[in-house]
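Work through these exercises with the model open beside you. Try each task before you read its solution.

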Amino acid sequence: MAWTAPVTWAANAILTAAQLNTNLRDNLNQTMPALVTAATQWCVSTGANALVQRDIKNARVETSQTTASTTYVDLTTVGPAVTVTTGTTAMVILSARTANNTANTNSKMSCAVSGATTIAAGDNFTLNFSDPTINNTVHFSTCYMHDAVNSNALTAGSNTFTAKYKVGAASTGTWEFREIIVIPFN
Amino acid sequence: MAWTAPATYTAATALTAATMNQQVRDNFLEMEVADATKIGSLFISTGANALGERVPGSQAITSHGSTTSTVYTDLTTGGVGPTVSVTIGTAMIVILTCQLYNTTSSTWARMSYTMTGSSSFTAADARSIGVQKKREGALSGTVESVDTFEQGSLVTMHTGLTAGDVTVVAKYNASSGSAHFQVRRLMVIPL
């Protein structure tokens, strides 16, 4: 049952089971302690007076691996990947140590979404590095939102976020200590 | 007292003090509004039907510091840290931000962190912000021009921690040469 605005009690009024069920049972069932089912969850609103619990999740792949693909692909070890239940809005954080064996050529890490939503990895949301010196390496993060404002809103449901990789031109890119964190906001 | 699943009330059943204490008093005491004791808290589950108050922490040190140590250490100049102490559940997000470079080509400047307390973590390359890049231009003062540094952040998440109080301290190293850092920020979001 949904949340009901708490009633104002009046002296000499009869307290009924129906009132207790609506104002106490049903309203308590809309609160955060009633909604959370495991550790490391938080609650976000889905509208006025409505909450839902969401998991904050991450995944890591430590292994150093490479690709020479100029389109987004998996590395030998796919991912990292995280599956979470979301609404339409989530923050994605990508991190990796990255390098390229060719001067001034990009190594890019992006993220594809599958499941309730299908969004391909793309250059508009990447961890991206190039350097005039070959094999110079950096270890950084990038962060972006899936939401209606950015025209990349998710479809509510179970969504899997999988890191994808490519290089900007003929070269070999290297990535290790790869991490993805997904924080659903509704 | 812990949370109890809200009861379904039936007509003509006596409403007892014990019922009100369990269903109203004790359940309300499990809500985030009852748990809130500080400004700026968020509330994260500690298990089914249980919440914990979590307060994010941060510290920034803007001064320029350096090290030639090849193992993670405090900076020789510029001050220890930054340092953040928080109460965690079983997970946390750490955000490292700084401006950094090395004085030698193709050598690393790295910022990581140690954690002590209910859980521990030793500074490591796997969770560090770093550049393998030589600085361009001459040193000019206590706080260098931002144009001579690379700047960015690293965001990383730990899970499987032991709940309790922890202290997180930034640590630094250079693969060789001299690694320089300034505008160093450490943020910890306990979960």
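**Exercise 1. Classify L15(A): buried, partly exposed or exposed?**

Step 1. Take the relative accessibility of L15(A), which is 41%. Step 2. Apply the cut-offs: buried means under 20% relative accessible area, exposed over 50%, partly exposed in between (1.4 Å probe, protein chains only). Step 3. L15(A) is therefore partly exposed, at 41%.
Step 4. Place L15(A) in its chain: it lies in the segment before α1 (17-28) of chain A. Helices (H or I, at least four residues) and strands (E, at least two) are DSSP runs, numbered from the N terminus. Step 5. List the contacts (heavy atoms within 4.5 Å). Neighbours within four places in sequence aside, L15(A) is in contact with W9(A), L20(A) and L15(B).

The model is predicted: local features need pLDDT of at least 70, side-chain atom pairs count only at pLDDT 80 or more, and totals for chains, interfaces and linings use all residues. Residues are numbered from 1 along each chain as its sequence is written, chains are lettered from A and ligands numbered from 1 in the order in which they are written, and side-chain values use heavy atoms, with hydrogens and water left out.

**Exercise 2. Describe the interface of chain B and chain A.**

Step 1. Count residues: 49 of chain B are in contact with 41 of chain A. Step 2. Find the buried area, which is the accessible area (1.4 Å probe) that two parts lose on being put together, summed over both. The two chains bury about 3,500 Å², with 62% of it on carbon and sulfur atoms. Step 3. Name the residues of chain B that lose the most area to chain A: Y9(B), V155(B) and M157(B), together 16% of what that side buries.
Step 4. Look for salt bridges (a side-chain nitrogen of Lys or Arg within 4 Å of a carboxyl oxygen of Asp or Glu). The rule finds one across this interface. D125(B) and R97(A) meet in a salt bridge, 3.8 Å from N to O.

**Exercise 3. Where does T97(B) sit, and is it buried or exposed?**

Step 1. Locate T97(B) in strand β6 (residues 92-102) of chain B. Step 2. Read its relative accessibility: at 11%, T97(B) counts as buried. Step 3. Check what T97(B) touches, not counting residues up to four places away in sequence: M111(B), G152(B) and V183(B) are among them.
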